[in-house]
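Hi,

Here is the structure I promised to pass on.

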Amino acid sequence: KGDYCVGKDITRSISRFSPKICVDGLDGEQLVFPLLDYQAKRLRSVAEKAPFGKGLDTVIDESVRKAWQIDPSKIHFHDSEQWQEALDRIVLDCVSSLGMVSSQ
């Protein structure tokens, strides 16, 4: 048995560090969180309009969805071992709360 959704404050899981995230095209600048306005504008400059599925087609229609995406290969996590450990703890907590069986 478990909950059908999970919503928790993850501050304790990530409070020991701030994820160090860099995106290609931003001259090595490290993003800070919460994201600063000028960083959001810079991120948009390296992003592309996000398509969505409409029937069998993939389309871009801003009257339906006005969203941007960045290719995952352009995103780099530094200190990735700490970040991965924190994400693993969060995922395990969600798995437990949802009543699922963990494979770990």
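Lys20 stands opposite His78 in β7. Before going further, the ground rules: this is a predicted model, so local features need pLDDT of at least 70 and side-chain atom pairs count only at pLDDT 80 or more, while totals for chains, interfaces and linings use all residues. Residues are numbered from 1 along each chain as its sequence is written, and side-chain values use heavy atoms, with hydrogens and water left out.

Back to that pair. Strand β1 covers residues 20-23 and strand β7 residues 75-78, and they run antiparallel over 4 bridges. Strands pair here if DSSP finds at least two bridges between them. Helices (H or I, at least four residues) and strands (E, at least two) are DSSP runs, numbered from the N terminus.

β1 also has strand β2 (residues 30-31) as an antiparallel partner, this time over 2 bridges. Cys22 has Gln30 of β2 as its bridge partner, and Ile21 sits opposite Leu31 in β2. β1 and β2 make a hairpin with 6 residues between them, and in the turn Gly25 has a positive phi of about 100 degrees.

Put together, that is an open sheet of 3 strands in the order β2-β1-β7, with antiparallel pairing. Its edge strands are β2 and β7, each of which pairs on one side only.

**Salt bridges**

How many salt bridges does a search of the whole structure find? It comes back with 3. The criterion is a side-chain nitrogen of Lys or Arg within 4 Å of a carboxyl oxygen of Asp or Glu.

For accessibility, buried means under 20% relative accessible area, exposed over 50%, and partly exposed in between (1.4 Å probe, protein chains only). On that scale Arg42 is partly exposed at 26%, whereas Asp27 is exposed at 73%.

Arg42 also meets the side chain of Glu29 in a salt bridge, 2.4 Å from N to O. Here again distant parts of the chain are linked: Glu29 belongs to the loop between β1 and β2, Arg42 to helix α2, and they are 13 residues apart. Glu29 is buried, with a relative accessible area of 17%.

Lys49 and Glu62 form another salt bridge, at 2.9 Å from N to O. Lys49 lies in strand β3 (residues 48-49) and Glu62 in the loop between β5 (57-59) and β6 (68-69), so this pair ties together parts that are 13 residues apart in sequence. Lys49 and Glu62 are partly exposed, Lys49 at 36% and Glu62 at 35%. Shared partners, meanwhile, join Asp27, Glu29 and Arg42 into one salt-bridge network.

**Gln39 and the cysteines**

Take a look at Gln39 in helix α2 as well. Is Gln39 buried or exposed? It is buried, with a relative accessible area of 3%. Its side chain makes a polar contact of 3.1 Å with that of Glu29. By polar contact I mean a pair of N or O atoms within 3.5 Å; within protein, one must be able to donate a hydrogen and the other to accept it, and residues adjacent in sequence count only if both atoms are side-chain atoms. Leaving aside neighbours within four places in sequence, Gln39 is in contact (heavy atoms within 4.5 Å) with Glu29, Gln30, Leu31 and Val32.

As for disulfides (cysteine sulfur atoms within 2.5 Å), the structure holds 0. Cys22 is buried at 11% relative accessible area, and Cys94 is partly exposed at 27%.

**The whole chain**

There are 3 helices and 7 strands, following the pattern α-β-β-α-β-β-β-β-β-α along the sequence. Of the 104 residues, 19% count as buried. Among contacts between residues at least 6 apart in sequence, 44% join residues at least 24 apart.

Cheers
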